[in-house]
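Student: I would like to learn how to read helix packing and a disulfide from a model. Could you take me through some cases?

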Amino acid sequence: MNELNLAAAPAAGDLIKEATDASFMKDVIEASKEVPVIVDFWAPWCGPCKQLGPVLEQAVKDARGAVKMVKVNVDQNQMVAGQLRVQSIPAVFAFSGGQPVDGFMGALPASEIKAFVKKLVEMSGGAGDGLDEALDQADELLESGAAADAAEIFAAVLGEEPANARALGGMARAELAAGNVERAKQMLAMAPPEIADDPAIAAARSAVELAELTKDTGETAELEARLEADPNDHQARFDLALALLAAKDRDAAVEALLELFRRDREWNEGAAKTQLFKMFESFGPRDPLTLKGRRRLSSMIFS
């Protein structure tokens, strides 16, 4: 899969720096318009922060300039942390194009950190190695509804390269498109450990989870009637989003979750944002709906 930039790596000081509330706009917002920036909110007394920091820094160094990293001490800089609603640390946010596009809380294993950085690089359009045209063709076929034809190409690639994450993830998505949820799960379970956290596998896994979550959704008309009677019935709005997704009305599903987030971003432990991120991951980082949805979500977070 995609290899990161093979040119000589920039000096660590150019890739990793400390930032303050005063410098956040320059060091993160403006800088992320040139190259993605990962922000690590930490504190000297935080044990998990001490575990995460070095692993995250190494992953950034390994990316050889495809991403940068900014560390923010929350004890000394509370304004930005408050704006982003950082409630526990370590908290990590990824910025690209001046907007937050991804993130996570807590210390993660090195493999997941590597996958997080890799996904950010791919999302920003960097560090490509000219992926096989057959996989591009298979993706196009799958998107057009020709799941069986796409599956043949994905299977052929796997025959040549069994650990090709994009082909394995594509094969799972093709099975899912054909209605074979269990077969898709089996395909993903076959992923070798070295690619288990690859973005292509993660996207297919999210698609499977969404398929399982939406298989028993209620009727949209019934849910819409509940919302008309009570616009603050958050569970009905959440269920409506899943029902719309099951009906393949992705735009309306995203719209429903964005409206839920606007009304109560903390409802059910932030379920609207969590579900939106899962949808965006399953749609793919370059999908127009993902790009549009992330921008709108970001504007709400900072409003």
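Student: What is the handedness of the crossing of H12 and H14?

Tutor: This is a predicted model, and in it H12 crosses H14 in a left-handed sense.

Student: Which residues of H12 and H14 meet?

Tutor: From H12 come His234, Gln235, Phe238, Ala241, Leu242 and Leu245, and they meet Trp267, Ala271, Gln275, Met279 and Phe283 of H14. Sorted by class, the contact of H12 with H14 has eight nonpolar, three polar and no charged residues.

Student: H12 also has a contact with H11. At what angle do the axes of H11 and H12 cross?

Tutor: Helix H11 (residues 220–229) and helix H12 (residues 234–246) have axes that cross at roughly 155 degrees and come within 9 Å. Angles over 145 degrees count as roughly antiparallel, and H11 and H12 are therefore roughly antiparallel to each other. The crossing of H11 past H12 is left-handed. On the H11 side the contact uses Thr220, Leu223, Glu224, Arg226 and Leu227, and on the H12 side Ala236, Arg237, Asp239, Leu240, Ala243 and Leu244. By class, these residues of H11 and H12 are six nonpolar, one polar and four charged.

Student: How do H3 and H5 cross, left-handed or right-handed?

Tutor: H3 and H5 make a right-handed crossing. The axes of helix H3 (residues 47–62) and helix H5 (residues 110–123) cross at roughly 45 degrees and come within 9 Å, which makes H3 oblique to H5. In the contact, Leu52, Val55, Leu56 and Ala59 of H3 meet Ala110, Ile113 and Val117 of H5. That contact of H3 with H5 has seven nonpolar, no polar and no charged residues.

Student: Now the sulfur atoms. How many disulfides does a search of the whole structure find?

Tutor: The search finds one. It joins Cys46 to Cys49, with an S to S distance of 2.4 Å. The torsion about the S-S bond of Cys46 and Cys49 is about 80 degrees, so the disulfide is right-handed.

Student: Is Cys46 buried or exposed?

Tutor: Residues under 20% relative accessible area count as buried. Cys46, at 3% relative accessibility, is therefore buried, and Cys49, at 6%, is buried too.

How values were computed. Residues numbered from 1 in each chain as written. Predicted model: local features only at pLDDT ≥ 70, side-chain atom pairs only at ≥ 80, totals over all residues. Heavy atoms only, no water. Axes fitted to C-alpha atoms, helices over the stretch in contact; angles between N-to-C directions. Helix = DSSP H or I, 4+ residues; strand = E, 2+ residues; numbered from the N terminus. Parallel < 35°, antiparallel > 145°, perpendicular 65-115°, else oblique. Left-handed = near helix turned anticlockwise from the far one by under 90°. Contact = heavy atoms within 4.5 Å. Nonpolar A, V, L, I, M, F, W, Y, C, P; charged D, E, K, R; others polar. Disulfide = S-S within 2.5 Å. Buried < 20%, exposed > 50% of the residue type's maximum accessible area, 1.4 Å probe, protein only.
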